[in-house]
Amino acid sequence: MAERATVLVTAVGGIIGEGIMKCLRLANTKRGPVSYRILAADADPRAAGLYRADEGLLVPSASAPGYTDALARVAKENRVTAIFVGADEELAVVGSASEQILRKSGAVVISNKPETITIGSDKWKTYQFMKKHDLPRAESSLPPGRGRFVKEFGYPVVVKPREGHGSEQFYVVRSNDEIDYAIGAIRRRGWRPMLQEYLSEDDNEFTTGVTVGKGKRVMSSISMRRTLKGGQTYKAFIDDFPKVRKAAEQVALRLGGAGPINVQARMAKGEPRAFEINPRFSASCPIRAGAGVNEPDILYRNLVLGESIKTAGYERLVCLRYWNEVYVPYAEYERARKTGKVNGSRSWVPEYF
Ligand SMILES: Nc1ncnc2c1ncn2[C@@H]1O[C@H](COP(=O)(O)OP(=O)(O)O)[C@@H](O)[C@H]1O
Ligand SMILES: [Mg+2]
């Protein structure tokens with residue numbers, strides 16, 4: 001008999017929160033040791049995940065004061081044993097309140113430690129971290145060092161925001177004027193620019209998921225070569241890629257602590273060089289789960305139940321992503337807006353593709 005657990009997933013209107021929900025559902029259909037009851041939270045009644053969970057709840061926005069108290073309250077009321085954070089914007093807020101949430105509600109926040117989140121949330125700090133530990137990386141510079149940087153690496157040069165996501169404000173530039181333009185545009189967006197050496201070519205980008213468990217042990221790692229669309233993995237080729245995985249495992253272990261780590265890299269002269277670390281579940285985690293590495297389930301079983309886990313491998317697969325639709329009766333949507341509660345059984349996803 002599977003152990004029944006109620007877990008809370010936040011930010012279920014975005015690709016990360018939705019992805020975590022897909023993983024938990026997949027664990028249920030595979031009849032693993034834990035059967036998950038999913039409580040989904042979002043601030044917006046239009047969040048698709050609210051309608052696909054066992055129960056949906058409207059909560060304050062993560063930037064509102066008292067957000068983590070609200071999460072702890074919901075967790076306590078519903079006997080939640082773990083909280084999965086579904087958005088970048090919430091990582092620092094919820095991650096730094098994890099001890100408090102555990103004390104108040106008994107729920108374990110499945111998150112990295114605050115220092116890891118600080119490093120991963122700032123691409124310049126990520127670079128400095130990798131340099132300090134001599135990990136294979138894309139060389140980078142802040143704007144004042146641009147002259148020297150261009151002389152050393154030549155054009156093209158990447159200009160991107162330290163705090164960006166989804167490829168927003170990502171530029172590949174080929175002249176001094178273009179560098180100026182990119183730096184200005186990033187600053188106007190309210191972000192801080194940095195320069196990075198351009199890692200070519202297409203067909204050469206990898207995203208790797210690593211789970212680090214209690215006692216700083218790698219429990220799983222899985223890589224895929226991918227193309228992107230709108231900043232997200234679009235076509236994925238899941239394969240062994242031992243070099244890429246090894247490099248990502250080194251990065252994850254260096255970061256320390258337990259949790260989900262996503263390392264993005266490109267191959268240069270046969271060696272993987274990392275350019276981003278996401279200290280969280282990746283938007284592609286359901287693809288990994290589909291290939292046999294279910295990261296939310298692995299981390300729940302290790303961090304909450306204390307199970308010792310080491311995955312044996314995974315399936316070689318090609319994954320082609322597409323858009324899908326959730327339909328909600330208008331009355332259910334209006335009810336959700338009024339009461340803040342959603343009954344998941346009233347929505348549907350047709351099997352039409
Ligand atoms: N140094 C680089 N060289 C070549 N392409 C890059 C480089 N850095 C980023 N990219 C491309 O831009 C995408 C987005 O950049 P990334 O650093 O991952 O930021 P984010 O995903 O947070 O927007 C990457 O997936 C990759 O395709
Ligand atoms: Mg990225």
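Which residues are buried in helix H7? Lys123, Thr126, Tyr127, Phe129 and Met130 are buried in this helix, which spans residues 123-132. Buried means that 20 or more other C-beta atoms lie within 10 Å of a residue's own, exposed means 12 or fewer, and partly exposed lies in between, with C-beta atoms placed from the backbone.

This is a predicted model: local features need pLDDT of at least 70, side-chain atom pairs count only at pLDDT 80 or more, and totals for chains, interfaces and linings use all residues. Residues are numbered from 1 along each chain as its sequence is written, while chains are lettered from A and ligands numbered from 1 in the order in which they are written. Helices (H or I, at least four residues) and strands (E, at least two) are DSSP runs numbered from the N terminus.

**Helix H7**

An α-helix has 3.6 residues a turn, so residues three or four places apart point the same way. Lys131 and Lys132 are exposed on the other side of H7. The buried residues pack against helix H6, strand E6, strand E7, strand E9 and strand E14. After H7 comes Asp134, with a positive phi near 55°.

**The sheet**

E6, E9, E7 and E8 form an open sheet in that order, with antiparallel pairing. Strands pair if DSSP finds at least two bridges between them. E6 and E8 are the edge strands, and each pairs on one side only. E7 and E8 are joined by three bridges. Val157 stands opposite Val173 in E8.

| Strand | Residues |
|---|---|
| E6 | 140-141 |
| E7 | 157-161 |
| E8 | 171-173 |
| E9 | 193-197 |

**Around ligand 1**

The shell around ligand 1 has 21 residues, and Val158, Ser167, Gln196, Leu199 and Glu276 come nearest. A residue is near a molecule if its C-beta atom, placed from the backbone, lies within 6 Å of it. E7, E9, E13 and E14 each supply at least two residues of this shell.

**Arg245**

Arg245 sits in helix H10, residues 242-255. Arg245 counts as buried because it has 21 C-beta neighbours inside 10 Å. Leaving aside neighbours within four places in sequence, Arg245 is in contact with Thr208, Ser221 and Ser223. Contact means that two C-beta atoms, placed from the backbone, lie within 7 Å.
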